[in-house]
Amino acid sequence: MPFLQKSYESLDTLAEAIGQAIRAPITIENRHHQLLAYSTHPDSTDPARIATIIGRRVPEAVIEDLWESGILREVIDQDEPVVIPARLAVGLGERAAIVIKQHDEVLGYIWSLARTNPFTTQELAILQEGATIAKKLLMTIAMHERRISAELERFLLDVLASPTLSDPNRERLNELAPIAVASRLTIIECAQPITPQLAERLHYVLATQEAIEVVLHAIDGQQLLVWHYMKSELSDEEVELLAWAERFEQLLQDKFTESEPRIGISRRFFESDMLYAAAEEARRVTTLRRKFPLELATSRAFEQIGIYQLVPELARRIGLRLETHPTVERLQHYDSSHQTELVKTLEWYFYFDGNVKRVAAHLHIHPNTVLYRIRRIEELTNITQVSLPERSMIYLAIKAGQYRLED
């Protein structure tokens, strides 16, 4: 027999009705675990529910725990409510949960906090009935969100298509983002074009990031472009950003191994007119990380790539024969004539700051071989007598040549 009305005006009234019917606190979330509605609850509740209500979304640590334990996958795969044991390490008490789906598309979830007594069959049936009713409301919300998201995505791509920002676009961008917030443009680059299915999974992971506030995002081929800002004080922004970037990229690589995601982050900017330049900076980071995966393995932000910022421009000038370096040309000619690897040895000698053992380990040769090659380089170029700025230029010339060859 039905225990609830057939329809409700809002998710809030539905959550309250379910909570009264089974005498337990209820929360209703969307597919990204953002809080949509919740019922009243007694003074005794668990930390996860309190944090969800305060932050209007389930804490990131709770979501990660539920995924890693396989619990969330079980909830999604089942058509009936799943009773979940307490996960005290993340502040989660015992619960019952049911997914709200339209065919195979997840629309949201209903969660019920447990009481002293176990859930009865009738109470679990009420949860399932509530999910059926909530589906109609969530389908309307999801359709509205998809329309808005698609329109905003087209708008962002239009803005990023030109370095010049029109007045109407500037006004709209300023309405979307707070004034004088230290924004960043982050690109998530995948090894293949982002399909709708992959996009949904990426958006899900992005939506669970508590450290950032996303303003706009859009997909462009193999890249997901995200305009965001850190939820931190300006003085802590850079430190917090780099810590978040390390965690976030590791999370992406763990979840999307087949896509080989890497991220590139622009310098911070305070005006919407800088969006185009920020996107170019983020793209430069991802491009350079793709071409130099070892050297830039942990360099995720534009500030971290250092002198590599100059490599694309130097490569262009070399291609136009406007600029080159005689030392590199001399060593390349010697390598070609004698079947040696002096340029490669010098490259890694510079990279490892003259540490012969590390160079040898990287090139899989004996340290004495490295020393012999360095002596030969010195004989040909007097490399030990040149200044640090010139050494830097030689290194950049080597990397610029590699950049051109890999295009």
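A pocket, as the word is used here, is an open set of grid points with protein on both sides within 12 Å along at least five of seven lines, and its lining residues are those with an atom within 4 Å of a point. In this predicted model, the largest pocket is lined by 39 residues, and those nearest its centre are R31, H32, E200, H203 and Y204.

**Pocket and cavities**

- The volume of the largest pocket comes to about 1,400 Å³, and the elements that give two or more residues to its lining are the helices α4 (71–77), α5 (121–160) and α7 (196–207) together with the strands β5 (105–113) and β7 (212–220).
- Helix α7 gives the most to the lining of the largest pocket, contributing 10 residues.
- There are 3 cavities of 30 Å³ or more, and the largest cavity has a volume of about 160 Å³.
- The largest cavity is lined by 18 residues, of which T27, E29, L92, R95 and W111 are the closest to its centre, while the elements giving two or more residues to this lining are β1 (26–30), α2 (47–55), α3 (60–68) and β5.

**Nonpolar cores**

- The largest nonpolar core holds 41 residues, and those with the most contacts inside it are V75, Y109, I194, L202, L224, W244 and L252.
- Once its neighbours within four places in sequence are set aside, W244 is in contact with T186, Q209, A211, I212, H228, M230 and I265.
- As general background, nonpolar side chains in soluble globular proteins tend to be buried together.

**Aromatic pairs and charges over rings**

- Across the whole structure, a search finds 10 aromatic pairs.
- The ring centres of W227 and F269 lie 6.4 Å apart with their planes at 35°, so this pair is classed as tilted.
- Because W227 belongs to strand β8 (residues 223–230) and F269 to the loop between β9 (262–265) and α9 (275–291), the pair ties together parts that are 42 residues apart in sequence, and both W227 and F269 are buried.
- The ring centres of Y308 and Y395 lie 6.1 Å apart with their planes at 85°, so this pair is edge-to-face.
- The charged end of R172 sits over the ring of F155 at 4.6 Å from its centre, and the charged end of K291 sits over the ring of Y403 at 4.8 Å from its centre.

**Exposed residues with positive phi**

- E260, a residue other than glycine, has a positive phi near 50°; E260 is placed in the loop between α8 (237–255) and β9.
- With a relative accessible area of 51%, E260 counts as exposed, because the cut-off for that class is over 50%.
- D353, also a residue other than glycine, has a positive phi near 55°, and its place is in the loop between α12 (342–351) and α13 (356–363).
- D353 is exposed, with a relative accessible area of 71%.

- F302 lies in the loop between α9 and α10 and counts as buried because its relative accessibility of 6% falls under the 20% cut-off.
- Apart from its neighbours within four places in sequence, F302 is in contact with I265, S266, R267, E281, R284, V285 and Q309.
- From C-alpha to C-alpha, F302 and S387 are 26 Å apart in space, and they are 85 residues apart in sequence.
- L35 lies in strand β2 (residues 35–38) and is buried, with a relative accessible area of 6%.
- The C-alpha atoms of L35 and R56 are separated by 4.9 Å, although the two residues are 21 residues apart along the chain.
- Not counting residues up to four places away in sequence, L35 touches T27, I28, T52, I53, R56 and R57.

Notes:
Residues numbered from 1 in each chain as written. Predicted model: local features only at pLDDT ≥ 70, side-chain atom pairs only at ≥ 80, totals over all residues. Heavy atoms only, no water. Core = buried A, V, L, I, M, F, W, Y, C linked by side-chain atoms within 4.5 Å. Buried < 20%, exposed > 50% of the residue type's maximum accessible area, 1.4 Å probe, protein only. Contact = heavy atoms within 4.5 Å. Phe/Tyr/Trp six-rings, centres within 6.5 Å; stacked < 30°, edge-to-face > 60°. Helix = DSSP H or I, 4+ residues; strand = E, 2+ residues; numbered from the N terminus. Lys NZ or Arg CZ within 6 Å of the ring centre and 35° of its normal. 1 Å grid on protein atoms, 1.4 Å probe; cavity = no way out; pocket = protein on both sides within 12 Å on 5 of 7 lines; lining within 4 Å. Points joined across faces, edges and corners; volume = space filled by probe spheres on them.
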